Amino acid sequence: NKLKTSNAQVIAAKENILFHLGVQQFDKKNYPGAIANLTEALAVTSRRPSLVQIYFWRGESYYRAGEYAKAESDFNTYQDDPRSSRDANFHLSYYDLAYCKFISRDYKQSLLAFMRFAGGEHEAMSPTYIDALIRIGDCYYMTRDFINAHKYYAQVVAKGKAGSDYAEYQIAFIYGLQKNYRGKITELNKLIENFPTSNYAANAYYEIGRSYIIIEQYDKAIETYNALIKKYPNSEFTRKAALEIGLAYSNTSNKKEALTAYKQVVNSYPGSSEAKVAMENIENLYVDQSDAEGYVSYRRSLGKSTDITSVMEDSLVYTTAEKVYLNGKLPEAATLFSNYLSKYCPQGNYCIKATYYLADSYMQQQKTDEALSNYKKLTEIQGNPYMEQALAQCASITYDKKDYAASLNYFKTMEATTS
């Protein structure tokens, strides 16, 4: 920096020294240092630098430092200079530029750059060439050109090199997006067979199971999920598979096995999002079986961390009975409402509603004595929303029983209440 001169040879020497210092810093992975040296090399002269490679290496440094827009600018400047076509890194610059575009999600321009690189690459088995083929497939995939994406992924699979498992996985996913689930299953099975140690193997098992669920082959889905759990017990997909087993059993109306599967999720993966979903499904299964108290007992068996409050218990037991009532299962509903009233009332939050629905359940079954008994209880509770209906029913039932005095009394009370 102390050297001030307009001598062209000295300027060129200084530029060359700073350039090589920058490349040395790049080799040491000191990318900020490399950028500083290369930027200084460009500042040596106000004219075009004598070394066009400076832009390439600064672009590489910016890329490694995560400054992709600046890297892209330098690669473009490098390629626009006619001298760069004679440089050893000219061809590679398209590969680097393609990644800048890819990261910024400009898939159309990224595709063009990867194509330019792949078209001039003579090493058909080189890692960069195979990677370029993968990214070309990805660019087509992201722009939903699945035919061409499949074509390039298939080229990678045929080479059998690093990245082939990913390409196989992407082909399977394309089949899934095209709703060809059997094709997806076939490709994923190839991945598992050809690349058993692949990072995508566990995911492949999970996606096979999901595909079987979609085409309603639930037994095969369960078999696949169990294989995943056994082979990859620590995979993130294992928890998901365990949850899906419960879903598969539910879809076959095997509620007992579904309940067992969901409980296994809760026991094996406590605190996970899958355990939370499993617990919700366990509640629904118990409610569907009109066994709210069975669910309450199960929750309490898990300990304080999943304890159920008295308010939750009260609500659950009542809503279970109400659901049965609304489904028209009147004898069962009457039993559940009676159990609720005997266990949770008068402190419960739904005592009045439960009494009304119990009376109505009996009335619809033509059990008028039991209905009358419960309607009477409602007439004794001032301000309840079912007062008018209860008085009307009491008046009608007692009239039919020829207890005219009682019937008249109920009618008069109803008239006074509604006036």
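Leaving aside neighbours within four places in sequence, which residues is Ser61 in contact with? Keep that in mind while you get your bearings.

**Before you click**

This is a predicted model, where local features need pLDDT of at least 70, side-chain atom pairs count only at pLDDT 80 or more, and totals for chains, interfaces and linings use all residues. Residues are numbered from 1 along each chain as its sequence is written, and side-chain values use heavy atoms, with hydrogens and water left out.

**Stop 1: the whole protein**

Show the cartoon. The protein has 22 helices and 0 strands. Here helices (H or I, at least four residues) and strands (E, at least two) are DSSP runs, numbered from the N terminus. The radius of gyration is 37 Å, well over the 22 Å from the globule rule for 419 residues, so the protein is more spread out than a compact globule. That radius is taken over C-alpha atoms, and the rule is 2.2 Å times the number of residues to the power 0.38. Now switch to the C-alpha trace. Along its principal axes it spans about 125 × 50 × 40 Å.

Of the 419 residues, 48% are buried. Buried means under 20% relative accessible area, exposed over 50%, and partly exposed in between (1.4 Å probe, protein chains only).

**Stop 2: Ser61**

Select Ser61. Helix 3 (residues 53–64) holds this residue. Ser61 counts as buried, because its relative accessibility is 0%. Next, show the side chain of Ser61 and the backbone of Trp57. A polar atom of that side chain lies 2.9 Å from the backbone oxygen of Trp57.

Time to settle the opening question. Beyond its neighbours within four places in sequence, Ser61 is in contact with Phe26, Tyr31, Ala34, Ile35 and Leu38. Contact means heavy atoms within 4.5 Å.

**Stop 3: Asp74**

Move on to Asp74. You are now in helix 4 (residues 68–80). Is Asp74 buried or exposed? Asp74 is buried, with a relative accessible area of 3%. With neighbours within four places in sequence left aside, Asp74 is in contact with Tyr55, Arg58, Gly59 and Tyr62.

**Stop 4: Ser315**

Jump along the chain to Ser315. Look for Ser315 in helix 17 (residues 310–326). Ser315 is partly exposed, at 24% relative accessible area. Ser315 and Ala292 are 23 residues apart along the chain, and their C-alpha atoms are separated by 9.7 Å.

Methods. Polar contact = N/O pair within 3.5 Å; in protein donor to acceptor, adjacent residues only side chain to side chain.
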